[in-house]
Amino acid sequence: MQIVDVILITIIGIIEGVTEWLPVSSTGHMMIFEHFFSDAFTEGFFTSDFKDMFEYLIQLGAIIAVICVFWKRVFPFSLEKREKTLKNGETVLKTAVISNPSVWKTWLKVLVACIPAVTALVVDKLFDKLGATEKIIVVGSMLVLYGVAFIVIEYVNKNKKPRVETVDEMSLLNAFLIGCFQVLAAVPGTSRSGVTIIGGLILGLSRTAAAEFTFFLAIPTMVGASGYKILKFVLNGGKITTPQISALILGMVIAFVVSLAVIKFLMDFVKKHDFRLFGWYRIALGALVIILCLAV
C-alpha cells in the first residue's frame, strides 16, 4: 500500500465519518470526490469491485460509533445488583440481567421502518444504467432539491410545537412512514439521514427525535447495505488482498473516530439550531457540481 493510498483512504474515511450523519449525503460526496479526483485512485489497488465494496464497508466503523454513543438506548440488556435474602436470613448481593422494554420498543419501530427498504434495490439498478456525468448531475440535483426542502420545512415549522418530542413517543405508523421516506435515499445525493430527518419533521417529530431515530435506523440499514456489497463482490469472483484488508481496517477506524465527534456535534447542534444551514450548504454544493459538469 503506497503513501498515496493511505492519504486517499484517510480522506475517504473522513468524508464517510462526517457526511454519513450530517444530512448532506455521504454517497453523493463520495461520488463527487471520485468524479473530480479519479486520478487519485491507483490502478491495481482500488479495483472497480473493491472500490465499490470499500466505500460501503467502512460504514461499519460509523455504525460502531453510533452503538458506542447510544449504547444504553440500543442494547436492551443491563446488569444490576440486587439484594436477596436467603432462608437463614442472610442478605447477599446477586447480579441480575435486566431487560429494558423501552429499547425493545425502539427496535420494533426500527424493524417496521426497514420494511419499505427492499424497494430501494429497484431504484439502485435504474441509477446504475446512467452515464458517469449523468450520475453526478443527478447527485447535484438531489443536493439542491432536498436542500430547498430543508429550508421550506424549517420555515413552515418555525412556530409549530412538535407533536412527538422523543423516539419513545413515536408510533409504529410514524416509524413505517419514515421508512418510506428512507427509500428515496436510494437516489445518490438525497442523503439517508437527511431524507429520514425531513420525513420526521413533516410527521411532527422534534429535531432531536428525528435525528436520534435516523441514527438507530442506520444500524440495520447500513449493515444490510454493506452485507449486500460484500455478497456482490464475492459473487462477481472478487478476491481481496492483504493490503486491501489493511485499507478496510484503516478506513473503518478513521470513519469510527470521526463519526464519534460528528454524532455528538449534531445532537448538540439540533438542540439549539434548525437544519437550514445544511439546506444552504446542499444548495451551494449541488449548484457548483451541476455547473462544473455542464461546463466540461
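Partly exposed describes a residue whose relative accessible area falls between the buried range, under 20%, and the exposed range, over 50%. The views below come from a predicted model.

**View 1. R276 pairs with D274 in a salt bridge.** At 35% relative accessibility, R276 counts as partly exposed. The N to O distance between the two side chains is 2.7 Å. This pair is one of 3 salt bridges in the structure. Side chains of opposite charge can pair when their charged atoms come close.

**View 2. Helix α8 packs against helix α13.** Helix α8 covers residues 132-156, and helix α13 covers residues 276-295. Because angles over 145 degrees count as roughly antiparallel, α8 is described as roughly antiparallel to α13. The crossing of α8 past α13 is left-handed. Sorted by class, the residues in the contact of α8 with α13 are 17 nonpolar, 6 polar and 3 charged.

**View 3. A salt bridge joins R207 and E154.** The side chains of R207 and E154 meet at 2.9 Å, N to O. R207 belongs to helix α11 and E154 to helix α8, so this pair ties together parts that are 53 residues apart in sequence. E154 is buried, at 3% relative accessibility. R207, at 27% relative accessibility, counts as partly exposed.

**View 4. A salt bridge links E212 with R73.** The closest N and O atoms of E212 and R73 are 3.1 Å apart. E212 lies in helix α11, which runs over residues 207-235, and R73 lies in helix α5, residues 71-74. The pair therefore ties together parts that are 139 residues apart in sequence. E212 has a relative accessible area of 13% and is buried. For R73 the relative accessible area is 28%, so R73 is partly exposed.

Methods:
Residues numbered from 1 in each chain as written. Predicted model: local features only at pLDDT ≥ 70, side-chain atom pairs only at ≥ 80, totals over all residues. Heavy atoms only, no water. Axes fitted to C-alpha atoms, helices over the stretch in contact; angles between N-to-C directions. Helix = DSSP H or I, 4+ residues; strand = E, 2+ residues; numbered from the N terminus. Parallel < 35°, antiparallel > 145°, perpendicular 65-115°, else oblique. Left-handed = near helix turned anticlockwise from the far one by under 90°. Nonpolar A, V, L, I, M, F, W, Y, C, P; charged D, E, K, R; others polar. Salt bridge = Lys/Arg side-chain N within 4 Å of Asp/Glu carboxyl O. Buried < 20%, exposed > 50% of the residue type's maximum accessible area, 1.4 Å probe, protein only.
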